[in-house]
Amino acid sequence: MSKICQITGKKAMGGCNVSHSKRHTKRSFDVNLFRRKFYWVEQDVWIELNVSAAGLRTINKIGLDNALKQAAEKGYLS
């Protein structure tokens, strides 16, 4: 399972751990992802999505149908 939000398109990014002695080692900043089921009223079906915390807020704010339309336009849905 790739660590990509299907609503916002957020994905894991890379960076460095920096120690006290300023030594840099590679690390990954993962997305706060959840596997959630949503009831899509317009289609009368349950769907399962990988969504981040920001994606959940987006769904709460604009609704599932609008969020899915925006994600499809931007190419985030697989």
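Buried means under 20% relative accessible area, exposed means over 50%, and partly exposed lies in between (1.4 Å probe, protein chains only). Glutamate 48, at 40% relative accessibility, is therefore partly exposed.

This is a predicted model, in which local features need pLDDT of at least 70 and side-chain atom pairs count only at pLDDT 80 or more, while totals for chains, interfaces and linings use all residues. Residues are numbered from 1 along each chain as its sequence is written, and side-chain values use heavy atoms, with hydrogens and water left out.

Start with the salt bridges. The term covers a side-chain nitrogen of Lys or Arg within 4 Å of a carboxyl oxygen of Asp or Glu. The whole structure holds 3 of them. Glutamate 48 takes part in one, with arginine 35, at 3.3 Å from N to O. Arginine 35 sits in strand E3 and glutamate 48 in strand E4, so the bridge ties together parts 13 residues apart in sequence. Strands (E, at least two residues) and helices (H or I, at least four) are DSSP runs, numbered from the N terminus. Arginine 35 is partly exposed, at 43% relative accessibility.

Another bridge joins lysine 3 to aspartate 30, with 3.2 Å between the closest N and O atoms. This pair links distant parts of the chain: lysine 3 belongs to the segment before E1, aspartate 30 to the loop between strand E2 (24-29) and E3, and 27 residues separate them. Lysine 3 has a relative accessible area of 44% and is partly exposed. Aspartate 30 is partly exposed too, at 45%.

Aspartate 65 pairs with lysine 69, the closest N and O atoms being 3.4 Å apart. Both residues are in helix H2, 4 residues apart, which puts about one helical turn between them. Aspartate 65 is buried, at 16% relative accessibility. Lysine 69 is partly exposed, at 49%.

Now look at helix H1, residues 53-62. Its buried residues include Ala54, Gly55 and Ile59. Viewed down the axis of H1, the buried residues fall within an arc of 140°, so they line one face of the helix. The arc is taken from the directions that run from the helix axis to the C-beta atoms. What covers that buried set? The cover includes strand E3 (33-40), strand E4 (45-52) and helix H2 (64-74). On the other side of H1, Arg57, Asn60 and Lys61 are exposed. Just after H1, glycine 63 takes a positive phi of about 95°.

Return to strand E4, where tryptophan 46 is found. Tryptophan 46 is exposed, with a relative accessible area of 60%. The structure has 1 aromatic pair. Tyrosine 39 and tryptophan 46 form it, in a tilted arrangement: 5.3 Å centre to centre, with 55° between the planes. Rings of Phe, Tyr and Trp (its six-membered ring) pair if their centres lie within 6.5 Å; planes under 30 degrees apart count as stacked, over 60 as edge-to-face, and the rest as tilted. Tyrosine 39 is partly exposed, at 36% relative accessibility.

Glutamine 6 lies in the segment before strand E1 (13-18). Is glutamine 6 buried or exposed? At 15% relative accessibility, glutamine 6 is buried. Setting aside neighbours within four places in sequence, glutamine 6 is in contact with Glu48, Leu49, Asn50, Ala71, Tyr76, Leu77 and Ser78. Contact here means heavy atoms within 4.5 Å.

Asparagine 17 lies in strand E1. It is partly exposed, at 37% relative accessibility. With neighbours within four places again left aside, asparagine 17 is in contact with Arg23, His24, Thr25 and Arg27. Asparagine 17 and lysine 69 stand 52 residues apart in sequence and 38 Å apart in space, C-alpha to C-alpha.
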